[in-house]
Amino acid sequence: MTHAYENRSGVRYVTNGLKVYYVPWRPFLMQNTLPTLFLTFPVVRTIIIRERISVVHGHQAFSTLCHEALMHARTMGYKVVFTDHSLYGFADAGSIHMNKVLQFTLADIDQAICVSHTSKENTVLRSGISPEKVFMVPNAVDTAMFTPSPERLSCDEIVIVVISRLVYRKGADLLVEVIPEVCRLFPKVRFIIGGDGPKRVRLEEMREKFSLQDRVEMLGAVPHAQVRSVLISGHIFLNSSLTEAFCIAILEAASCGLLTVSTRVGGVPEVLPDDMIVLAEPAPEDMVRAVRKAIDMLPGINPQVMHLQLG
């Protein structure tokens, strides 16, 4: 059950026996519906009874629809589970407000799921829920969809791939400082950047300023079906997130046989073993050091072996 997306509302039947209710409410901010508390109750109740629901499972702390559905399901005596996918702070106004809502909603749930141990600790501290009720279930990828390139890439030119939403939280400002320095130190390195967002302008300005048009390729938004074809054209995957509960993109990249360079934030250190990832502090000089280390490690990396390790 979700809200309407543009002109898509009503019931849709999707593959693998999935039935989706696009409830005709328009999102008003950040893909969220207006919090009404009780106006959602008739629709939630109708769906739960009509579909003979046993468990109501809500996702994401900032989803108003999730909070309201969990509350109504508990009112009706159903089992409810909540999954938290992100890390949030304790100090800014938005987080303080949201943590209060979370305490209210999660006071009566049956179980909660988090995607990493860091995420579990964060959720327990924010919501006051008992740690015994919270389970850690890491994200996963279908490794059959993310296979390495059949031919091993030449190391004459090293290609570093970045696929991410170009926003502050994903460390786009860090990339603006890291990329020119890496290009200056390593003449053989080329960057491919996939993704879109408000920080794209900054990256394009950086590319103009340092005349890196031939070494930094901007792809714009990449549909998920084409992510593999972008990943297998590179040797190293660069993730510069400033906060991350898990980071599924790292798993996709490793499954395609790329060595990962990432910031040491949130649940990222839990995702991959040390021989598949080089971690750095979220500072430009440390990121450059990590990229240098990754380039030195490249000759010993076998993409097929890495893929099999994950599979």
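Biologist: With which residues is His 67 in contact, leaving aside its neighbours within four places in sequence?

Modeller: In this predicted model, His 67 touches Ala 61, Met 98, Val 101, Leu 102 and Thr 105 once neighbours within four places in sequence are set aside. His 67 itself is located in helix 2.

Biologist: Why is His 67 called buried?

Modeller: The relative accessible area of His 67 is 7%. Buried means under 20%, so His 67 is classed as buried.

Biologist: What makes the pair of Tyr 5 and Tyr 22 edge-to-face?

Modeller: The centres must lie within 6.5 Å for a pair, and planes over 60 degrees apart count as edge-to-face.

Biologist: What are the relative accessibility values of Tyr 5 and Tyr 22?

Modeller: Tyr 5 has 39%, which is between the limits of 20% and 50%, and is therefore partly exposed. Tyr 22 has 13%, which is under 20%, and is therefore buried.

Biologist: What type of aromatic pair do Phe 62 and Tyr 88 form?

Modeller: Phe 62 and Tyr 88 form a tilted pair, at 4.6 Å centre to centre and 40 degrees between the planes. An angle of 40 degrees is neither under 30 nor over 60, so the pair is neither stacked nor edge-to-face. Phe 62 is in the loop between strand 6 and helix 2, and Tyr 88 is in the loop between strand 7 and helix 3, 26 residues apart. Phe 62 is partly exposed at 25% relative accessible area, whereas Tyr 88 counts as buried at 19%.

Biologist: With which side chain does the side chain of Ser 95 make a polar contact?

Modeller: The partner is the side chain of Asp 92, at 2.9 Å. The limit for a polar contact is 3.5 Å, and 2.9 Å falls within that limit. Ser 95 belongs to helix 3 and is buried, with 4% relative accessible area. Beyond four places in sequence, Ser 95 touches Tyr 88, Gly 89 and Phe 90.

Biologist: How do you know that Cys 66 is too far from the closest cysteine sulfur for a bond?

Modeller: The closest cysteine sulfur belongs to Cys 114, 12 Å away. A disulfide needs the sulfur atoms within 2.5 Å, so this distance rules out a bond. The sulfur of Cys 247 is likewise too far for a bond, at 14 Å from that of Cys 256. The structure holds zero disulfides.

Key: Residues are numbered from 1 along each chain as its sequence is written. This is a predicted model: local features need pLDDT of at least 70, side-chain atom pairs count only at pLDDT 80 or more; totals for chains, interfaces and linings use all residues. Side-chain values use heavy atoms; hydrogens and water are left out. Buried means under 20% relative accessible area, exposed over 50%, partly exposed in between (1.4 Å probe, protein chains only). Rings of Phe, Tyr and Trp (its six-membered ring) pair if their centres lie within 6.5 Å; planes under 30 degrees apart count as stacked, over 60 as edge-to-face and the rest as tilted. Helices (H or I, at least four residues) and strands (E, at least two) are DSSP runs, numbered from the N terminus. A polar contact is a pair of N or O atoms within 3.5 Å; within protein, one must be able to donate a hydrogen and the other to accept it, and residues adjacent in sequence count only if both atoms are side-chain atoms. Contact means heavy atoms within 4.5 Å.
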